[in-house]
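Subject: Structure handover

Hi,

Have a look at it first, then read on.

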Amino acid sequence: MKDLIPFGLLVSLILLLSCNEDSELEPVPVDEAVAVKIDTVKAYGYVLDNYIVHRDTVRSGDSFGDILFKAHIDYPTITAISDSAKGVFDTRLIRVGKPYMILKSKDSLEKAQVFIYEQNQIDYVVLDFQDSIRVAAKKNPVTIVEKAIAGTITDNLSSAVTDLDASILVSYKLADIYAWTIDFFRLQEGDRFKVIYTEKYVNDTIYAGFDKIKAALFEHKGKPVYAFEYQNDSIPGKRDYFDETGKNLRRAFLKGPLQFNKVSSYYNLKRRIRYYGNRIRPHKGTDFAAPVGTAIMATADGTVTKSERRGGNGKYVKIRHNSTYETQYLHMSRQAVKVGEYVRQGDVIGYVGMTGNTSGPHVCYRFWKNGRQVDPFKEDLPETEPLEARFMPDFTEHMRPMKRTLDSLSYVESVL
């Protein structure tokens, strides 16, 4: 029993050895901060965590001044902000229903420092008056998404397009592209179409509208007509549509100056005019009826030679297209172009009104050939020139993959 270690001494040795082992371990610092990554919320280029954020929409009766005054901005400052915004944004033009955001100071005053107004899903205006006043027109990042549809007409083009979950604007653009090659008032059941088009999306997810048609195939009465968008470098900035052979689908003159042309009175040298007591007076124009404010388009490329108000013409615009042809557009509510401007076919040059001698809202469209007014519907109007030979190799390379896509589309479903 003398060789045995006393129990108390054994426990002490174990505790001593345990303490020695623990003393060799790395000490853990108790005051070291644990790093946590916090996502910073940003919008329109601002860190929202730095402000009190107020989101709202313009309500009936709201004005820019009222909105900022309620956010603790005095009227002299509001006037200074509005004056600084001129040339970028007219603060008087805020519209009911449009969203806006105010970034306010994080203090007891909660004073507005930034005003952001969304003009549409893409365009917005930033008015920053934290230190000095800065105004900028900006755009949300836009993604272009390509889509394709193929459909058969059973009733009309618009319903056939919307039945495929595509924007009705696709049908409007198709009608514009094929305006001279297909009579859309005489479509037949069974006519077919294929379209490659693009749409705009904000932040990859928010639909921001129809963009354009890149290529199309329309079969009317069994006859296929291709259309491919192509930049003709001989006319900078203008894209036209050509068939697979390079023939331009656009004609030198549109059939009329409105998107939807409804003739209310034709060119007639023996017409009796109610405004003049039902007496015979030559009517050397073609009247297209439309509501006041309807956009009036130039029927061909040319230079504005007159934009004024005169007598029975009311407010009108006259365009010289070349040494042979001129056109005139009467009774506008207002003009949208000035003398000397060069306009392209389809550009808006004014709006339907009732100025001058007229008994109802319409545009009187007058057409000159070699200085003499003629009936455009009885003229053999020129076609536009086809693509020049020097552009054909590039056009063919551009067109070929889209034609393959169109040809491969099935009429029973949408793809892409």
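Predicted model: local features only at pLDDT ≥ 70, side-chain atom pairs only at ≥ 80, totals over all residues.

Leaving out residues up to four places away in sequence, I213 touches V170, K173, L174, I177, V195, I196, Y197, E229 and Y241. One of these, I177, is 36 residues from I213 in sequence, with 9.2 Å between the two C-alpha atoms.

**The sheet around β10**

Which strands make up the open sheet that contains β10, and in what order? There are 5 of them, arranged β8-β9-β10-β11-β12 with antiparallel pairing. The edges are β8 and β12; each has a single partner strand, so one side of each has no neighbour in the sheet. On average, neighbouring strands here are turned by 25 degrees against each other, direction ignored. Inside the sheet, β9 and β10 are paired antiparallel over 11 bridges, and R192 stands opposite E219 in β10.

Two helices go with this sheet. α5 packs on it and touches β8, β9, β10, β11 and β12, its direction making about 40 degrees with that of β10. Helix α6 (residues 392-408) lies across β9, β10, β11 and β12 and runs at about 135 degrees to β11.

**Helix α5**

Helix α5 covers residues 168-177, and V170, S171, L174 and I177 are buried in it. Why do these line one face of the helix? Seen down the axis of α5, the buried residues fall within an arc of 125 degrees, so they line one face. Their cover includes the strands β8 (142-152), β9 (192-202), β10 (206-220), β11 (223-231) and β12 (239-242), as well as α4 (157-162).

**A second open sheet**

There is also an open sheet of 5 strands in the order β3-β4-β5-β6-β7, with antiparallel pairing. Here β3 (52-57) and β7 (134-139) are at the edges with a single partner strand each, so one side of each is left without a neighbour in the sheet. The twist from one strand to the next averages 15 degrees. β3 and β4 (residues 99-104) run antiparallel and are joined by 6 bridges; within that pair, H54 has I102 in β4 as its bridge partner.

β23 (residues 362-369) is mostly covered, with 7 of its 8 residues buried. Its pairings look like this:

- β16 (residues 286-289) pairs with β23 in the antiparallel sense over 4 bridges, and A289 has H362 in β23 as its bridge partner.
- β20 (residues 325-335) runs antiparallel to β23 and is joined to it by 6 bridges; T327 stands opposite F367 in β23.
- β24 (residues 372-374) is antiparallel to β23 and connected by 3 bridges, with R372 in β24 as the bridge partner of K369.

The hairpin of β23 and β24 has 2 residues between the strands, and N370 takes a positive phi near 55 degrees there.

**A buried arginine in a loop**

Is R344 buried or exposed? Its relative accessibility is 11%, and the cut-off for buried is under 20%, so R344 counts as buried. R344 belongs to the loop between β21 (342-343) and β22 (348-352). Its C-alpha atom is 9.9 Å from that of H321, which is 23 residues away along the chain.

**Whole-chain numbers**

For your own bookkeeping, the protein chain has 6 helices and 24 strands. Of its 416 residues, 40% are buried. Taking contacts between residues at least 6 apart in sequence, 60% join residues at least 24 apart. The chain exposes about 24300 Å², and carbon and sulfur atoms supply 51% of that area.

Cheers

Technical notes:
Residues numbered from 1 in each chain as written. Heavy atoms only, no water. Buried < 20%, exposed > 50% of the residue type's maximum accessible area, 1.4 Å probe, protein only. Arc of directions from axis to C-beta. Contact = heavy atoms within 4.5 Å. Areas by Shrake-Rupley, 256 points an atom, 1.4 Å probe, with all protein chains shown as cover. Pairing = 2+ DSSP bridges. Axes fitted to C-alpha atoms, helices over the stretch in contact; angles between N-to-C directions.
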